[in-house]
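Please look over the sequence and the model below before reading on. The paragraphs that follow move from a sheet to an interface, and then to charged pairs and a few individual residues.

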There are 2 protein chains.
Amino acid sequence: MTTPSDPLALLRGALGERVDTTPAALHAARADKSGHAAAGVPLAVVHAHTVEDVQQTLRIASATGTPVVTRGAGTGLAGAANAGDGEIALSMRGMDRILEVRPDDLLAVVEPGILNADLNASLAEHGLWWAPDPASRAISTVGGNIATGAGGLLCAKYGVVRDAVLGVDIVLADGRLLHLGHRTVKGVTGLDLTSLVIGSEGTLGVVVGATLKLRRLVPGEVCTVAATFPDVRTAAEASAAVTASGVQPAIMELMDAASLAAVHALLSLPAPTPGASQLTIQTDGPAAGVEAEAIADVLRATGGTVAVSHDRDDGERLLAIRRSMHPAMETLGTALIEDVSVPRSALPAMFDEIARVEREHGVVIPTVAHAGDGNLHPNFIFDAEPDEFGVVEAPDHIWAAADDLFRAALRLGGTLTGEHGVGVLKRRWLADELGDDQWELQQRITRAFDPQGILNPGKVFAR
Amino acid sequence: MTTPSDPLALLRGALGERVDTTPAALHAARADKSGHAAAGVPLAVVHAHTVEDVQQTLRIASATGTPVVTRGAGTGLAGAANAGDGEIALSMRGMDRILEVRPDDLLAVVEPGILNADLNASLAEHGLWWAPDPASRAISTVGGNIATGAGGLLCAKYGVVRDAVLGVDIVLADGRLLHLGHRTVKGVTGLDLTSLVIGSEGTLGVVVGATLKLRRLVPGEVCTVAATFPDVRTAAEASAAVTASGVQPAIMELMDAASLAAVHALLSLPAPTPGASQLTIQTDGPAAGVEAEAIADVLRATGGTVAVSHDRDDGERLLAIRRSMHPAMETLGTALIEDVSVPRSALPAMFDEIARVEREHGVVIPTVAHAGDGNLHPNFIFDAEPDEFGVVEAPDHIWAAADDLFRAALRLGGTLTGEHGVGVLKRRWLADELGDDQWELQQRITRAFDPQGILNPGKVFAR
């Protein structure tokens with residue numbers, strides 16, 4: 001027998017078969033791609049198909065004091081979407097429609113569950129694109145990109161998610177629907193709650209719709225410059241020199257020697273020179289060719305061995321080496337993928353710190369960087385057995401090394417996370433970066449949205 | 001005799017000669033450039049020179065429950081910086097230093113009181129600029145630009161203030177100093193309070209420092225396209241056609257017939273064809289020439305008489321007509337300068353609405369528009385006598401016409417204010433745009449920053 005305060009019974013009564021309690025669904029909702037999993041399994045997975053589904057779920061959650069964890073495709077790297085014991089996992093993946101595309105106003109209105117790549121395939125038919133391009137774009141949702149404030153490869157030239165969203169519709173913890181932002185290029189009516197929701201990792205409300213700022217597909221050729229350097233510090237200095245030269249690449253990716261060696265082995269390419277590091281740079285737009293040559297000159301002056309290609313397919317082949325990073329890491333062991341960001345001029349110093357952490361902690365940390373915006377992904381490699389659900393927890397000595405690396409990034413004027421978010425992985429360092437006063441202020445702001453604290457409790461702000 | 005709760009005595013004790021109670025200073029602090037003035041005069045003007053001055057002022061204000069109105073150069077157009085009876089006017093104009101310029105990281109750290117134009121003159125020596133370019137740039141401060149979330153002429157291509165600030169230091173109502181944001185291109189650690197402070201019009205805290213995102217000066221020529229059209233609707237359709245063509249101008253300004261006639265009279269130029277409207281468009285960067293010719297083709301196809309100039313000085317002479325708008329309006333009477341923004345495709349319909357409001361309310365509304373981003377400045381012209389302080393209040397029939405125009409903009413998917421802010425001028429319409437639920441949520445957020453409500457009370461959120 002159920003009482004009116006039994007959230008599962010209430011959900012079933014209101015949402016019927018959209019409430020999923022199969023063991024497979026419950027277990028899948030425990031983890032994202034961070035390597036972390038929640039303790040226990042959630043009460044239920046609710047597969048929302050409409051805004052009203054979301055509102056009903058949140059009204060029941062509020063009435064019963066039940067925590068709600070919103071999920072997209074579960075591809076996050078910080079554990080923010082992991083749902084555990086006693087929680088409702090609210091899946092937005094089924095709300096995946098494109099509601100409107102306006103080429104004349106360069107905007108689209110979409111539901112949050114659509115995959116980034118699926119959206120862009122549709123937009124391409126209109127000669128348009130949505131610029132945020134996280135490496136996960138083929139498998140991650142627009143709603144998840146918004147929840148994390150995602151970045152990607154093209155950010156220095158084309159911006160991050162925060163630059164590409166005009167408005168969001170959110171459902172508050174009590175079930176009320178709010179329309180935040182606007183459809184105009186400019187708008188300063190009241191506080192900018194759209195920007196506040198972007199990157200809030202499910203703590204302020206559930207995004208049920210988004211008005212996206214689009215760009216036209218960039219005309220002209222794409223040129224690719226590939227350069228190898230004797231060591232990673234020289235490659236980092238070269239990337240800083242490109243930034244300082246004033247030419248703006250579309251993409252500038254750096255791979256250190258360990259990353260490069262692992263990818264070459266995976267792809268059965270000839271082994272690279274030991275210690276060699278690589279920069280792969282693309283230029284686009286009307287001046288792509290001139291810019292590629294200017295960049296090549298900078299790279300040669302900083303000691304690089306340089307090749308320039310004006311062929312788009314050739315460029316894709318060169319970038320494929322960078323894109324094979326994650327599968328290559330899997331051949332080495334389990335990887336804790338980190339995400340610090342530093343001012344671009346500090347990239348060489350940050351690579352020195354990574355080398356120091358490797359030495360002092362006896363760990364291997366292959367690292368790639370979105371060098372054009374100072375965002376590094378150090379991969380902490382370790383061996384561990386997965387649990388019954390296939391989830392692997394990083395051991396203490398890996399976290400000790402990561403802690404050392406985070407603090408080094410902060411000392412260099414950097415930030416804990418450039419694009420993955422805080423989730424559960426970095427919550428213990430959050431107050432170190434924000435300071436206690438700002439940490440408390442941010443918590444008070446979440447309480448203005450969610451007085452009961454039922455939205456993604458234990459994420460981001462828990463210490 | 002003073003008691004410990006006398007805020008003026010406490011300010012004098014703590015800040016000495018930085019506390020200004022001369023009648024001229026007190027009266028000047030009552031008004032900005034909006035045409036609105038506060039009732040009564042403030043207690044004092046505090047000329048802050050250091051962060052500590054700001055902290056002391058706010059500690060005294062908190063201890064005594066005294067409202068604080070933060071001011072820059074007083075050039076705002078919505079009345080947000082107007083200080084009245086019983087309030088402390090906190091002037092940031094004296095904190096005007098550039099603390100750091102980093103060409104390699106494309107950032108600068110500045111105090112808020114520096115004028116936008118003075119900052120850009122210094123940055124030009126490094127080959128850099130800060131893109132936000134409100135028409136007031138010669139006389140407005142960076143802190144004021146941040147407080148209002150200012151726009152300008154170059155926004156569609158180069159962004160607004162929100163796109164150009166990496167972090168802000170703010171002093172809270174209780175005197176605590178917080179560092180918000182980061183020095184990196186990417187950063188998603190916690191909630192984005194920097195974006196929340198931008199455009200908050202003095203309601204959340206006092207900005208005492210800002211880390212600005214810079215651009216390199218754009219190389220290459222600047223081309224100017226001037227086109228006249230038989231009427232304003234055709235000009236608006238032509239600007240929408242330029243946007244839809246995919247070419248991105250740096251500047252695209254539209255002047256209606258009344259604006260054009262007034263400026264021509266002011267500058268002693270031959271009178272324009274009656275009814276004629278004008279578009280002035282600039283392109284820049286490596287493809288400026290090609291883009292200007294493509295735009296000229298679009299304009300000719302939509303019925304424009306077009307002239308293209310590749311000479312930078314010639315272009316400045318053409319733009320000077322647009323820049324003479326404000327003095328030209330002063331020759332017609334007193335102007336209430338409005339600031340609605342609509343999706344770009346709705347520009348022609350918005351001009352139809354302005355014509356309707358002119359007819360139905362019997363008022364003259366010369367209008368210019370930043371047509372590239374759908375932001376219109378209708379100037380409601382009226383005759384009125386200034387009060388003893390030179391301030392003129394708009395009469396009721398002008399507000400009735402403005403009310404009609406605001407509601408038309410909202411119906412077209414637009415917003416009340418594109419770049420001037422809410423201040424006192426638009427607070428009565430704020431809930432119409434936000435909805436009551438969001439209006440209340442925004443107020444709760446201000447209370448998380450300022451529990452006593454001493455920061456700019458009566459602005460933005462008062463109904």
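**A sheet in chain B**

In this predicted model, strand β6 (residues 107-110) of chain B and strand β10 (residues 206-213) of chain B pair in the antiparallel sense, and four bridges join them. One of the residues involved is B:Val110, whose bridge partner in β10(B) is B:Ala210. Strands of a sheet pair through backbone hydrogen bonds, and the pairing can be either parallel or antiparallel. The β6 and β10 strands belong to an open sheet of five strands in chain B, which runs in the order β5-β6-β10-β8-β9 with antiparallel pairing. At the edges of this sheet are β5 (98-102) and β9 (177-181) of chain B, each of which pairs on one side only. From one strand to the next, the twist averages 10°.

Between β5 and β6 of chain B there is a loop, and B:Leu106 is found in this loop. Although B:Leu106 is not a glycine, its phi is positive, at about 50°. Most residues other than glycine have a negative phi. With a relative accessible area of 10%, B:Leu106 is buried, the cut-off for that term being under 20%.

**The interface of the two chains**

How much area do chain A and chain B bury between them? The value is about 5900 Å², and 59% of it lies on carbon and sulfur atoms. In chain A, the residues that lose the most area to chain B are A:Lys186, A:Val188 and A:Leu191, which together make up 15% of what that side buries. In terms of contacts, 73 residues of chain A are in contact with 73 residues of chain B.

Counting residue pairs in polar contact across the interface of chain A and chain B, with both residues at pLDDT 80 or more, gives 35. Several elements give two or more residues to the side of chain A that touches chain B, namely β9 (177-181), α7 (193-197), α8 (232-245), α15 (427-434) and α16 (436-449) of chain A. The largest share of that side, nine residues, comes from α16(A).

**Salt bridges within chain A**

Over all chains, the count comes to 50 salt bridges. Side chains of opposite charge can pair when their charged atoms come close. What separates A:Asp403 and A:Arg407 in helix α14 (residues 396-411) of chain A? Because they are four residues apart in that helix, A:Asp403 and A:Arg407 are separated by about one helical turn, and they form a salt bridge whose closest N and O atoms are 3.1 Å apart. A:Asp403 is partly exposed at a relative accessible area of 21%, and A:Arg407 is partly exposed at 36%.

A second pair is made by A:Arg59 and A:Glu52, which form a salt bridge with the closest N and O atoms 3.5 Å apart. Here A:Arg59 is partly exposed at 38% relative accessibility, while A:Glu52 is partly exposed at 36%. A further salt bridge joins A:Arg323 to A:Glu316, the closest N and O atoms being 3.9 Å apart. A:Arg323 has a relative accessible area of 47% and is partly exposed, and A:Glu316, at 40%, is partly exposed too. Beyond such pairs, salt bridges link A:Glu353, A:Arg356, A:Glu360, A:Asp404 and A:Arg411 in a network.

**Two loop residues of chain A**

A:Glu201 is found in the loop between α7 and β10 (206-213) of chain A. The phi of A:Glu201, a residue other than glycine, is positive and near 55°, and at 4% relative accessibility this residue counts as buried.

A:Thr75 has its place in the loop between β3 (68-71) and β4 (88-91) of chain A. Is A:Thr75 buried or exposed? Its relative accessible area is 15%, so A:Thr75 is buried. Apart from neighbours within four places in sequence, A:Thr75 is in contact with A:Lys33, A:Ser136, A:Ile139 and A:Ser140.

Technical notes:
Residues numbered from 1 in each chain as written. Chains lettered and ligands numbered in written order. Predicted model: local features only at pLDDT ≥ 70, side-chain atom pairs only at ≥ 80, totals over all residues. Heavy atoms only, no water. Buried < 20%, exposed > 50% of the residue type's maximum accessible area, 1.4 Å probe, protein only. Contact = heavy atoms within 4.5 Å. Pairing = 2+ DSSP bridges. Axes fitted to C-alpha atoms, helices over the stretch in contact; angles between N-to-C directions. Buried area = accessible area lost by both parts, 1.4 Å probe. Polar contact = N/O pair within 3.5 Å; in protein donor to acceptor, adjacent residues only side chain to side chain. Salt bridge = Lys/Arg side-chain N within 4 Å of Asp/Glu carboxyl O.
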